[in-house]
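Subject: The structure I promised you

Hi there,

Here is the structure I said I would pass on. Have a look at it first, and then read on for what turned up in it.

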Amino acid sequence: MPTLRSSSRPHSSSSPSSEGSPLQKTQNDTQGALFTSSVYSVNLPSEDRDSEQASEGDTYSVSSDDESDFEDSLQPNVKKRTAKQPLRITPMPKHRKKGFQTECCNGQKEAAQPSANDLFDAVKAAKSDMQSLVDEWLDNYKQDENAGFLELINFFVRSCGCKGSVTPEMFKKMSNSEIIQHLTEQFNEDSGEYPLTAPGPSWKKFQGSFCEFIKTLVCQCQYSLLYDSFPMDELISLLTGFSDSQVRAFRHTSTLAAMKLMTSLVKVALQLSLHRDNNQRQYEAERNKRPEQRAPERLESLQKKRKELHEHQEEIEGMMNAIFRGVFIHRYRDILPEIRAICMEELGCWMQTYNTSFLTDSYLKYIGWTLHDKQGEVRLKCLKALKGLYSNRELIARLELFTSRFKDRMVAMAMDKEYDVAVEAIRLLTVILKNTEGVLTNADCEIVYPIVYASNRVLSSAAGEFLYWKLLCPESEARVGGRREQERYRSLHAQRRFFYLLMVFFMKSELHEHAAYLVDSLWDCAGFRLKDWENLAGMLLEKDQNLSNVEERTLIEILVSSARQAAEIQPPVGRVTGKKGLTAKERKLQANDKAKLSEQLIPLLPQLLTKFSADAEKVAPLLQLLDYFDLSIYCTGRLEKHLELLLQQLQEVVVKHVDPAVLEAGAHALHLLRKPEFTFFNRVDFTLSQLMELLTGHFKQDLNELLQSSFLDEDEIYSLATTMKRLSAFYTAHDLTRWELYEPCCRLLRKAVDTGDVPHQVVQPALTLVYFSILWTVAHFIESAASKNQLLSLKDRMTAFCELCQSCLSDVDPKIQEKAFIVLSDLLIIFSPQMTVEGREFLQPLVFSPEAALQSELASFLMDHVFLQSEDMSSGHSYFEDDEQIEQLHHRRRLLSGFCKLLLYGVLELDAASDVFKHYHKFYRDYGDIIKETLTRARQIDRSHCSRILLLSLKQLYTELLQEQGSQGLSEQPAFMEMRDLARRFALSFGPHQIQNRDVVVKLHKEGIKFSLSELPPAGSSGEPPNLAFLELLSEFSPRLFYQDKPLILSYLDKCLQQVSQTPSPPWGPVTTYCHSLSPVENTAEGSPQNRLQSKTSHIRGSYQHQREDSSSSQEESTSSTPSTSSTSSTSSSQEESLQLSSVPPTPTLTSTVLRNRQPLVTVGKKEEEDGSRLEFVYRLPLSRTQQSRHSGALYFGVPPALLSPGQDSPLTCLRLMEEDEEELGILNESSEEWQDADKEPGSPSSLSEHGLDLLDTTELSIEDISTWKR
């Protein structure tokens, strides 16, 4: 297999040794002209290092050998990178440029002036044809080669965002490294943006135009200038030097240019290879002719052409070797993910374009290593490159070793945390599955199968395609491509086999209970199969299928799910699509599928209902099919006879079943069919009337027997209860007012309240019937204006019904209580003052306000049925019991939501919210989101009133605890600690808006102080007031005060304490704690907790800097001084003196090591202090005992650098160590960022790889870093 050979040009490196590994360190003087001097230490695997150590200025020549063995590149014992040293610039020798000066008209020589602005602006605008632009530049270049080449160089400089330019004098006398240094000095460092990353429409298409320019340039030069006079070696050398710069703009732009240049050269090399093969065949054919037929002139011409092509091939391969070794080898592990992604993308292009030279293990290993990259963008480019390779079956055999080595990684990437990467990984596995035999094992496939139930639709669709080709697609269909074969395998047998395999997978996987998600995952790849509803229904109707009960239920669910998918073209609930609406094409497809679905299933639906009418779990989903039909087809398609059969089956189903799901589905089906626009409306209405006459007749007969007799047997009770359930189900979808169910149901409820002899099975549907009777009456009044007498009559009926529901709240049966509470909550919301808005003022007489007794009973019900201690669900319970408890929790959440709505809509007094708020901390896990939202809405309604409610909640809890435990040792009780946590959550709920809450918080403190001193101890007693411990709860709100208000609160407290005659000389403990929380601290950043955190961080940095100075001075005085001594002295001095917090200067956005060296933090601080550019804030913060003990450690004021582990001497690391202080930094974090979600833990410190790295860091990542990027 041919490799890239070195060119005979001076810039090419010597050929690599066959014994060396693909990554070798060589010292080559001639190769040095291609690179600027670099001091970066490249960490390579131990097997890839040469035994001889090279000097600092050496570069690395990397060649691609023909060996197929991979180097063990992922060893853990790799030498760490040393600290970056200042960059030393050594002028590199450059090739002498001939004839650089141009003759002026007067005979004197002047420097040619570059004109790169026109070329750059033309590429940026991208308005003209790129080929014409390149041709224009080539014409200028042919007229004056030096000026034209300078124009091209300055074009690349401008593309980097540099304002400087390369002058003819610079190009003549300066080396590449000196030119780069000069341009770096002229670079604008005010902004981190450059053309490739700049925002705005003018820069949006620049990268594409830039790459197109390079491609067109090489294409236009490939037959002439590329081998003659064009100084390609100079251009490659300059791009290589730029790619090694630490200025991100230079490095990014030059790497992109070099990689695109390499891609174009690869295409040229491929064309040369094809021409050489053709020339060789022509030469052999001519030479094999007889002597009398042979043409010597043609043989000589072909031989000369072959020699010329060979020379051209060597030159192109020399250029490619220079770019690969000078740019790719260093930049594929660059610290910037965009650069790494460019390298991987272009490497994939090289392999696909010129696979003869590049599709070898020596190049594939770079993609394999980079599959472990920590950035999803880079991993995505690797997967796309591999997908292109595996898509070509001719290349599969050459990927065998790579597949065996990296298959596990590719399979694991199906579970990548980045959705885009996971999708591309699954698509790659699908390509491997389709083009290979036996590569993916069952264990590999089982990793992908569960992803069909993922919430992301693109990801689940990719997994669905993999599942289809692996299990559901007939094996022969995947191998044949002819149309006849495809049609043959879409026959009845193939379709039924598909449904059977799908059913088996869904049943045996046991990963999900809803087939809708599986159908949605398969819709894009197997939609044509899932739309064969006729065959699927035929499987269910045939008797010889011998399907079990579970199999039938599964097939019905698949049938309904596929019908819903075709009719709605929307994924199931919870699956993300990102699409906002349907396109015109999708709407047309939806209409066609809906018509096809209706035509196929309308004749079969009555038969399905007939067969499965006895099974409630199968009938309910079958009735849902009417939602997805085009019901107008009953008229246009002359299918009235099937409508008659359907209505008959509906009647039988309603009479036969009492399951709520079946009854609701039947009522909804009749509602869909009973629309005035259909011509069969009268027929459906007649069916409903017949059914209701039948049900109401049974209801009135059974009700009379119940009201007249004092005893009913179980059969009579069951008959009445089932009839009322059927009526209540239909009352939700149909207006049954004409059957007059209100009065009989009210008499039934009155008897149940008075005597208690009515069974609870009857009371619940009776409440539902009366409730919907009132609602339908209101709906009639809204449609047609009612008289005042009618409104008052309805108001009386509603009031009487509310009294009955209030009585049911004290019923013995909890189900009746819950039903009455739900009905009451909904009625009170409907008949609240909101009823009269939006032009409904005439309904004002219907507005109902509950009395205090009803409000009290609603609150009592909430305490008894919602705020219950949750049982341990993990011990001794089966799965069914756990599932049942979860369902009960959801039911209790609905009850709490109903009560909270009553509070927010003004139906109940807002003070009643204290019964909810006081359980905020204790039941945060179950109801925290509901209570939090209620608290937020209440604050929006009335901020001051809400704060009083919070204080009232704390007062109630404190009073209850005081009555149970007494005042002795109250603050040490666990219940009191829970109250403190609740107070802290209340304080955090105020958020960072201190200005808005200033008056509210001050009033809260004053009211709290009054309550704590409202009851005095007995006369002559030395004890403290019983409510005094409440001050400890109040101290949790002290951080919400402005520092100006804290002295006022202290003076108010002192004034209140003076009224207490038994004030002891040493103050009481709660008073001391509260006074300490009110210690006035002037903080200019107090208005924003985020600024407070930053100020504290600056203080930590300043203390750390101070400690380093102290430690260095102490080491000069005495070598026996220890770090503990130094830290202790710093602690004592810092407590006596004021703490100075300094702002840290921002890190420059663009910095080159050619100009600056990395300075330690102490040096930077000293320099800024001398310039006087740092701000100083003086804090006098009295430390509590806990804070003193915590802050006196070495971690607070810093430790000498000698005791720090590597990487701990950065400010971010010191901040990370300080974030263990939960009471200060954690609380500040919560108050500024997580006050909207108080239960969420503070975020961890930013990693050094993302936020701590500046442009002074090394630009290369070691192989060890890559090896640890596992996902």
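Let me start with a loop. Arg638 sits in the loop that runs between α27 (633-636) and α28 (640-656). With a relative accessible area of 73%, Arg638 is exposed. Its backbone deserves a look too: the phi of Arg638 is near 55°, which is a positive value in a residue other than glycine. As background, most residues other than glycine have a negative phi. Please keep in mind throughout that this is a predicted model.

Glu740 belongs to the loop between α31 (714-731) and α32 (742-754), and its relative accessible area of 58% makes Glu740 exposed.

Now for the chain as a whole. It holds 54 helices and 4 strands. Of its 1271 residues, 50% are buried. If you take the contacts between residues at least 6 apart in sequence, 77% of them join residues at least 24 apart.

Two helix pairs

I looked at two places where helices meet. At what angle do helix α16 and helix α18 pack? The angle between α16 (residues 419-435) and α18 (residues 457-472) is about 15°, and their axes are 9 Å apart. Angles under 35 degrees count as roughly parallel, and α16 and α18 are therefore roughly parallel to each other. The crossing of α16 past α18 is left-handed.

On the α16 side, the contact is made by Tyr419, Ala422, Val423, Ile426, Arg427, Leu429, Thr430, Leu433 and Lys434. Facing them from α18 are Val458, Leu459, Ala462, Ala463, Glu465, Phe466, Trp469 and Lys470. By type, the residues of this contact between α16 and α18 divide into 12 nonpolar, 1 polar and 4 charged.

The other pair is helix α2 (residues 130-143) with helix α3 (residues 145-159), whose axes come within 5 Å and cross at roughly 140°. That angle makes α2 oblique to α3. From α2, the residues in the contact are Trp137, Tyr141 and Gln143, while α3 brings Glu145, Gly148, Phe149, Glu151 and Leu152. The residues of the contact of α2 with α3 divide into 4 nonpolar, 2 polar and 2 charged.

Which side chains does Glu1036 meet in polar contacts? One is Arg980, joined to the side chain of Glu1036 by a polar contact of 2.8 Å. Another is Arg984, whose side chain makes a polar contact of 3.3 Å with that of Glu1036. Glu1036 is placed in the loop between α43 (1030-1034) and α44 (1045-1058), and at 13% relative accessibility it counts as buried. Setting aside neighbours within four places in sequence, Glu1036 is in contact with Arg980, Ala983, Arg984 and Ala987.

His865 is part of helix α36 (residues 852-865). Is His865 buried or exposed? Its relative accessible area is 16%, so His865 is buried. The side chain of His865 makes a polar contact of 2.7 Å with the side chain of Gln817. Not counting residues up to four places away in sequence, His865 touches Gln817, Glu818 and Arg892. For Glu818, the C-alpha atom is separated from that of His865 by 8.4 Å, although these two residues are 47 residues apart along the chain.

Lastly, there is Ser561, in helix α23 (residues 549-568). Ser561 has a relative accessible area of 8% and is buried. A polar atom of the Ser561 side chain lies 3.5 Å from the backbone nitrogen of Ala516. Apart from residues up to four places away in sequence, Ser561 touches Ala515, Ala516 and Val519.

Best wishes

Technical notes
Residues are numbered from 1 along each chain as its sequence is written. This is a predicted model: local features need pLDDT of at least 70, side-chain atom pairs count only at pLDDT 80 or more; totals for chains, interfaces and linings use all residues. Side-chain values use heavy atoms; hydrogens and water are left out. Axes are lines fitted to C-alpha atoms, for helices over the stretch in contact, and angles run from 0 to 180 degrees between N-to-C directions. Angles under 35 degrees count as roughly parallel, over 145 as roughly antiparallel, 65 to 115 as roughly perpendicular and the rest as oblique. Contact means heavy atoms within 4.5 Å. Ala, Val, Leu, Ile, Met, Phe, Trp, Tyr, Cys and Pro count as nonpolar, Asp, Glu, Lys and Arg as charged, and the others, Gly among them, as polar. Buried means under 20% relative accessible area, exposed over 50%, partly exposed in between (1.4 Å probe, protein chains only). A polar contact is a pair of N or O atoms within 3.5 Å; within protein, one must be able to donate a hydrogen and the other to accept it, and residues adjacent in sequence count only if both atoms are side-chain atoms. A crossing is left-handed if the near helix is turned anticlockwise from the far one by less than a right angle, and right-handed if clockwise.
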